[in-house]
Every structure is written in structure tokens, then in C-alpha cells.
Amino acid sequence: MDDDLQVTDTIALPRAELMWRFSRSGGPGGQSVNTTDSRVELRFDVAATDALPEPLKNRALERLAGRLVDGVLSIVASEHRSQLQNRRAAEERLVATIAAAIAPPPRPRKRTKPSKGAVERRLTDKRHTAQRKQQRRPPAE
């Protein structure tokens with residue numbers, strides 16, 4: 001394995017900044033269910049990292065505010081039976097989360113007017129619906 005997690009072409013997270021914790025995974029298992037620490041918790045300090053440029057770090061802190069505890073992002077993986085697979089899953093999730101957090105904001109929607117034909121069709125349909133409902137009423141005496 002190389003020593004950095006590649007987030008984008010220009011941004012990589014150094015593995016030295018990743019903090020790992022291992023524990024027993026919940027759920028059903030086999031003979032080794034009570035002895036293997038296959039659950040993985042990956043922690044990454046977004047607030048203290050130097051891997052992200054300042055504007056991207058601020059954007060990530062803002063977008064991940066609900067998931068951060070003291071500026072630290074925590075990702076848990078326990079879906080696989082082996083610790084190595086859970087480590088890889090946690091790394092992939094971390095990369096995806098950071099990539100989504102530092103992505104540029106979407107371009108604002110350009111407002112457009114409905115075409116004359118669309119307006120005409122809408123009004124025609126409205127008239128037909130009103131006429132149909134008018135015909136359902138009992139005749140006035």
C-alpha cells in the first residue's frame with residue numbers, strides 16, 4: 001500500500017493522520033465470533049489536517065458539521081468478517097465522504113420562462129377540466 005489515500009488528482013490524505021480503533025463486531029458469527037476484532041473505526045481530524053488547502057478545509061468543516069465531534073470525522077465499518085476488508089471499506093468511505101465535502105458547490109439553476117405553447121396547452125387543459133366539472137353538476141332550475 002502507498003502511504004497516502006488519494007481523494008482527488010491533487011489532494012491525498014496521509015495515512016499517518018488516520019487513527020484506527022478495532023473492536024468486536026456485532027451480529028451472528030462462527031467459532032471465532034468472540035475473539036476477533038473485525039469492527040473498524042477510522043477517525044480523521046479534519047480541523048487539524050494540513051492535507052487540505054484552507055478554503056477546502058473550511059468547506060469540508062461546514063458541510064460535515066453534523067458528523068464531526070471536535071473536528072474529527074469518525075467512520076465505522078463492520079459489514080465484512082475480516083478486519084482487513086473492513087479497513088479497506090472504511091478507507092473507501094472516508095475518501096468518498098471527504099471528496100463529497102470538498103466538491104465545488106453546484107451551479108445555480110438558471111430560471112427559464114415556459115414557452116408560449118406550454119402556457120397555451122396548460123390554459124386549454126384548464127378550460128377543458130373546468131368545462132367537464134361544470135357538466136357534472138345538476139342543471140340549475
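## The hairpin of strands 5 and 6

Strand 5 and strand 6 form a hairpin in which two residues lie between the strands, and D70 in the turn has a positive phi of about 55 degrees. Strands here are DSSP runs of E with at least two residues, while helices are runs of H or I with at least four, and both are numbered from the N terminus. Two strands count as paired if DSSP finds at least two bridges between them. The model is a predicted one, in which local features need pLDDT of at least 70 and side-chain atom pairs count only at pLDDT 80 or more, whereas totals for chains, interfaces and linings use all residues. Residues are numbered from 1 along each chain as its sequence is written, and side-chain values use heavy atoms, with hydrogens and water left out.

Strand 5 (residues 68-69) pairs with strand 6 in the antiparallel sense over two bridges, and L68 stands opposite L73 in strand 6. D70 lies in the loop between these two strands, and its positive phi occurs although D70 is not a glycine. Most residues other than glycine have a negative phi. D70 is exposed, with a relative accessible area of 76%, where exposed means over 50%, buried means under 20% and partly exposed lies in between (1.4 Å probe, protein chains only).

Strand 3 and strand 4 run antiparallel and are joined by six bridges; among the facing residues, L18 has F44 in strand 4 as its bridge partner, and M19 stands opposite R43 in strand 4. Strand 4 also pairs with strand 6, in the antiparallel sense and over six bridges. Within that pairing, the bridge partner of V40 in strand 6 is A77, while the partner of D45 in strand 6 is V72.

Helix 2 (residues 83-102) has 20 residues, and at 1.5 Å a residue it should span 28 Å, which agrees with the 28 Å between its end C-alpha atoms; the expected span is 1.5 Å times one less than the number of residues.

The buried residues of helix 2 are N86, A89, A90, E91, L94, V95, T97, I98, A101 and I102. An α-helix has 3.6 residues a turn, so residues three or four places apart point the same way. The buried residues of helix 2 pack against several elements, including strand 3 (18-23), strand 4 (39-45), strand 6 (72-77) and helix 1 (54-63), where contact means heavy atoms within 4.5 Å.

N86, placed in helix 2, is buried with a relative accessible area of 0%. Leaving aside residues up to four places away in sequence, N86 touches S38, R39, V40, A77, S78, E79 and H80.

## An aromatic pair and a charge over a ring

A search of the whole structure finds one aromatic pair. The rings of W20 and F22 have their centres 6.3 Å apart and their planes at 5 degrees, so the pair is stacked. Rings of Phe, Tyr and Trp (its six-membered ring) pair if their centres lie within 6.5 Å, and planes under 30 degrees apart count as stacked, over 60 as edge-to-face and the rest as tilted.

W20 is partly exposed at 24% relative accessibility, and F22 is partly exposed as well, with a relative accessible area of 30%. R87 lies over the face of W20, at 4.4 Å from the ring centre; a charge sits over a ring if NZ of Lys or CZ of Arg is within 6 Å of the ring centre and within 35 degrees of the ring normal.

Q134 lies in helix 3 (residues 116-136) and is partly exposed at 49% relative accessibility. The C-alpha atoms of Q134 and S25 are separated by 66 Å, and these residues are 109 residues apart along the chain. N86 and E120 are 34 residues apart in sequence and 58 Å apart in space, C-alpha to C-alpha.
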